[in-house]
Amino acid sequence: MAIRDKVVELQRALYRAAKASPDRRFHALYDKVHRRDVLRRAWVNVARNGGAAGVDGVTIAAVEEAGVVPFLDDLAAELAEGRWRPAPVRRVEIPKPDGRTRPLGIPTVRDRVVQAALKIVLEPIFEADFAPCSFGFRPKRSTHHALNTVMDEAWAGRRVVVEADIASFFDEVDHDLLLGALAERVVDRKILKAIRALLGAGILVGQQLLSSDTGTPQGGVLTPPTHWATSSSTSR
């Protein structure tokens, strides 16, 4: 008998509910974020991706050495009791091929787990709304799928490809507009409060704490990798 994966069952239930009711707005989601099985899955995803320590200097290895279970127990209690607050992200500069650098914001391991848990709960809801021609940042889709679609469209006779890029998009995201877009589907105030807290946690550059009134720091779980394609669009 196959072992029931309750996290997958939760995601499938959320997806089906969102797909069946395009106008539905979800209210009771926060309690699912701090479910132990969801946090455990979030930890596995964060640990698998690796990454450096945040401003607190705590690494994934340090958490594993001290004990993952008590780490997740403490985090679940903080979330359930409303005591969790995100730390500022640590700014690092990554070289680009043209000689410039790209700023990344590294959240603490603790906050990355919270982000991963939020992603587990929210992704199925918004996944239900995406068009089939959208490939970026979606589960089980990649640039290869987008390329195959472009090739199929070319064989069908389409000959024009339109490419567009928004300069410094992640640096300029308006927090109110973003949360307003989320609220079209999610009206759980605790979820929206947690995301606003993550967006406004600030950026630590050396010893200086910078505000983050706009933008989403690249480097966390909730911000897609910058090298991924966002979509595939073709026209005649």
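**View A. A nonpolar patch on the surface of the predicted model.** Tryptophan 155 belongs to helix H7, which covers residues 143-155. Is this tryptophan buried or exposed? Its relative accessible area is 74%, and because the cut-off for exposed is over 50%, tryptophan 155 counts as exposed.

**View B. Alanine 17 in helix H1.** Let's turn to helix H1, made of residues 6-20, where alanine 17 sits. This alanine has a relative accessibility of 17%, so it counts as buried, the limit for that class being under 20%. Leaving aside residues up to four places away in sequence, alanine 17 touches Arg24 and Phe26. Proline 124 is 107 residues away from alanine 17 in sequence, yet their C-alpha atoms are 9.5 Å apart in space.

**View C. The hairpin of strands S1 and S2.** Strand S1 (residues 89-95) and strand S2 (residues 101-106) run antiparallel and are joined by 6 bridges. If you follow valine 92 across, you will find leucine 104 of S2 as its bridge partner. Between the strands lie 5 residues, and glycine 99 in this hairpin has a positive phi near 95°.

**View D. Confidence along the chain, and residues 225-236.** The chain has an average pLDDT of 87, with 92% of the residues scoring at least 70. Over residues 225-236, however, pLDDT stays under 50. The model gives this stretch 29 contacts beyond four places in sequence.

Notes. Residues are numbered from 1 along each chain as its sequence is written. This is a predicted model: local features need pLDDT of at least 70, side-chain atom pairs count only at pLDDT 80 or more; totals for chains, interfaces and linings use all residues. Side-chain values use heavy atoms; hydrogens and water are left out. Patches are made of residues with over 30% relative accessible area and no salt bridge: like charges are joined within 9 Å, nonpolar side chains (Val, Leu, Ile, Met, Phe, Trp, Tyr) within 5 Å. Accessible areas come from the Shrake-Rupley method with a 1.4 Å probe; for residues, only the protein chains shown count as cover. A salt bridge is a side-chain nitrogen of Lys or Arg within 4 Å of a carboxyl oxygen of Asp or Glu. Helices (H or I, at least four residues) and strands (E, at least two) are DSSP runs, numbered from the N terminus. Buried means under 20% relative accessible area, exposed over 50%, partly exposed in between (1.4 Å probe, protein chains only). pLDDT is the predictor's confidence in each residue, from 0 to 100. Contact means heavy atoms within 4.5 Å. Two strands pair if DSSP finds at least two bridges between them.
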